[in-house]
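Please read them beside the sequence and structure.

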Amino acid sequence: MKTSSWLGRAQLLLAGVAFGFLGLFGKMAFERGVSPVEFLTFRFLVGALTLGLVVLIRDRGSLRNFPRGEAFLRCVVLGVMGYALFSSLFFYTLTGASASVTVLLLFLYPVFVALGAALFLGERMRAVQWVSLPLSLLGLFLLVSGDLEIHRLLAVLTGLGSAFFYAAYVLASRKWLVEVEPMGAVVVIQASAGVALALLAFHGQPLSRWTEILRVAPGPVLGAAWLGSVLAMSLFLSGLKKVGSVDASLLTFTEPLTGVVLAALFLGERLGFTQWVGAVLVLSALVLGSLRSFCKQAAHG
């Protein structure tokens with residue numbers, strides 16, 4: 001395997017870990033009176049502003065690396081129809097189903113990615129992926145099986161919608177952003193998602209509501225923006241350029257694994273035997289997914 005492919009896999013694994021902190025930050029923000037849409041708005045706007053300033057300070061000439069023309073419009077679509085939409089559907093699902101069901105539904109997205117990659121990108125699943133995908137899903141089911149409740153049928157539909165639009169985001173990013181610098185793309189995607197959600201969340205709200213959120217939940221907002229958006233999205237897009245769509249979606253199963261571990265460490269949730277078995281299966285699937293490539297590299301050198 002080429003070094004760039006190994007780097008891409010590492011970036012995607014770390015992206016999943018960074019995304020895994022969002023559940024913890026979200027729960028902290030919600031407990032302080034911040035609504036899901038408000039939380040997402042600040043996550044994306046603060047993330048876009050922070051990363052944009054970092055890029056410009058690091059290199060003022062980097063403006064030329066930001067997407068322009070058609071690439072800019074594609075990033076706007078990915079922000080509004082991708083992140084803003086699937087994130088909103090995900091958090092709406094939480095209001096009608098348990099967190100476990102919500103996560104299970106979202107992480108059906110690798111199935112949609114596999115189908116879409118075969119239909120639109122010409123990527124066929126390898127034999128090892130036919131094993132690692134169901135193994136990952138089984139492991140995830142066991143990992144979050146402690147609280148499977150559905151209060152409204154509509155929540156199932158929105159949960160499936162979150163998986164579908166996340167898969168569409170992955171596939172579109174894989175096709176559209178091959179030649180686009182990841183940092184610039186992340187800034188535009190986040191800004192577009194943030195503006196779209198702000199129009200929804202703060203329409204008719206006084207300016208004081210913005211400052212109130214920053215006052216009562218600065219830690220969760222900044223954590224979600226910097227760790228769960230800037231770092232996670234940059235790593236994901238960078239890794240996606242080096243690794244196939246199906247592998248990318250499988251490698252980010254570190255996200256729910258991280259979320260469960262953080263819940264045990266900081267929220268007092270206990271891991272039973274079933275959850276440990278699920279964690280082992282998810283980790284086994286991650287190892288299995290890279291084993292063929294590792295053996296191939298070893299054989300060549």
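1. The residues lining the second largest cavity divide into 6 nonpolar, 1 polar and 1 charged. Here Ala, Val, Leu, Ile, Met, Phe, Trp, Tyr, Cys and Pro count as nonpolar, Asp, Glu, Lys and Arg as charged, and the others, Gly among them, as polar.

2. This is a predicted model, in which local features need pLDDT of at least 70 and side-chain atom pairs count only at pLDDT 80 or more, while totals for chains, interfaces and linings use all residues. Residues are numbered from 1 along each chain as its sequence is written, and side-chain values use heavy atoms, with hydrogens and water left out.

3. A cavity is a set of points, on a 1 Å grid over the protein atoms alone, where a 1.4 Å probe fits but cannot get out; lining residues have an atom within 4 Å of a point. Points are joined across faces, edges and corners, and a volume is the space filled by probe spheres set on them. The count is 2 cavities of 30 Å³ or more.

4. The second largest cavity holds about 40 Å³ of space. Its lining includes Ser173, Pro182 and Lys241. Helix 9 (182-201) and helix 11 (218-240) are the elements that give two or more residues to this lining; helices are DSSP runs (H or I, at least four residues), numbered from the N terminus.

5. The largest cavity has a volume of about 60 Å³. Among its lining residues are Arg9, Ser132, Asp247 and Gly289. Helix 14 gives the largest share of the lining, 4 residues. By class, this lining has 4 nonpolar, 3 polar and 2 charged residues.

Key. On a 1 Å grid over the protein atoms alone, a cavity is a set of points where a 1.4 Å probe fits but cannot get out, and a pocket is an open set with protein on both sides within 12 Å along at least five of seven lines; lining residues have an atom within 4 Å of a point.
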